[in-house]
Amino acid sequence: MARGFLFILLYFLFSPLGAQNWRDSLTVLNKQIATSPWSTDLHLRKAAVNLELKQWQYAVEEYALVLKREPNNPAALFYRAYANTHLRRFDLARNDLNDLLAYLPRHFEARLSLAVVLQQMGRKQEALDELNQTIQMHADSAVAYAARANLERQMKHDDAALYDWERAEQLDPKDPTFVVSHVDLLLVLERREEARRVLDAAVKRGIPKGMLLEWYDKCKRR
């Protein structure tokens, strides 16, 4: 059931509709909700449209209705946290994500989101602990290593960040964003030769050199 709700939400969040079409969808959904018995599906769909229209408070209220009836609904917990993050209500977002993880401890997106929220709250060490736990559970995720590398760089843990960028590249060798982030840190550390080797290795793996020309040029500068 929950997986179906998430599919519906993702459909609404990423469908290529314009703002007027979203508002039209909202009008239709409001009429359906007003004339139908309780439907979790309809309320989640309405909240998803609220998110698309950046109506964060309306989305929060809609998810609250769902959670009043289904306290462990994963979609409502996750996306209410998302909306509250946009409202900078980080304590509330953290609470929802913790509740979700108590129910679904391996929920990857919730763990990454919790790390982001903790960073926004200035709790970088707690965020790092969360990412360490995420990687223990999802050791094959390039995104998890990249998220930890970004935080480690903020915390000036440069050697650890370099290791994590390397792991991200190994796990997803065709993603150029990991390469340029790795190279950027090497350049900050004045390790230009090593940065050039990382770029050459990326080209050998099949990343088009044209996508990396800016970084090749930076390696030449003194």
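This is a predicted model: local features need pLDDT of at least 70, side-chain atom pairs count only at pLDDT 80 or more; totals for chains, interfaces and linings use all residues.
Residues are numbered from 1 along each chain as its sequence is written. Local features need pLDDT of at least 70 and side-chain atom pairs count only at pLDDT 80 or more, while totals for chains, interfaces and linings use all residues; side-chain values use heavy atoms, leaving out hydrogens and water.

**View 1. Arg148 pairs up with Asp164 in a salt bridge.** A salt bridge here is a side-chain nitrogen of Lys or Arg within 4 Å of a carboxyl oxygen of Asp or Glu, and the count comes to 14. In this one, the closest N and O atoms are 2.6 Å apart. Arg148 sits in helix H9 (residues 142–154) and Asp164 in helix H10 (residues 158–171), so the bridge ties together parts 16 residues apart in sequence. Helices are DSSP runs of H or I with at least four residues, numbered from the N terminus. Arg148 is buried at 12% relative accessibility, and Asp164 is buried at 0%. Buried means under 20% relative accessible area, exposed over 50%, and partly exposed in between (1.4 Å probe, protein chains only).

**View 2. Arg205 meets Glu169.** Their salt bridge spans 3.3 Å, N to O. It links distant parts of the chain, 36 residues apart: Arg205 is in the loop between helix H12 (192–204) and helix H13 (213–220), and Glu169 is in helix H10. Arg205 is partly exposed at 26%, but Glu169 is buried at 7%.

**View 3. Arg192 bridges to Glu190.** Here the closest N and O atoms are 3.7 Å apart. Arg192 is buried at 15%, whereas Glu190 is exposed at 56%.

**View 4. Arg148, Glu152 and Asp164 form one network.** Salt bridges that share partners join these residues.

How values were computed
Helices (H or I, at least four residues) and strands (E, at least two) are DSSP runs, numbered from the N terminus.
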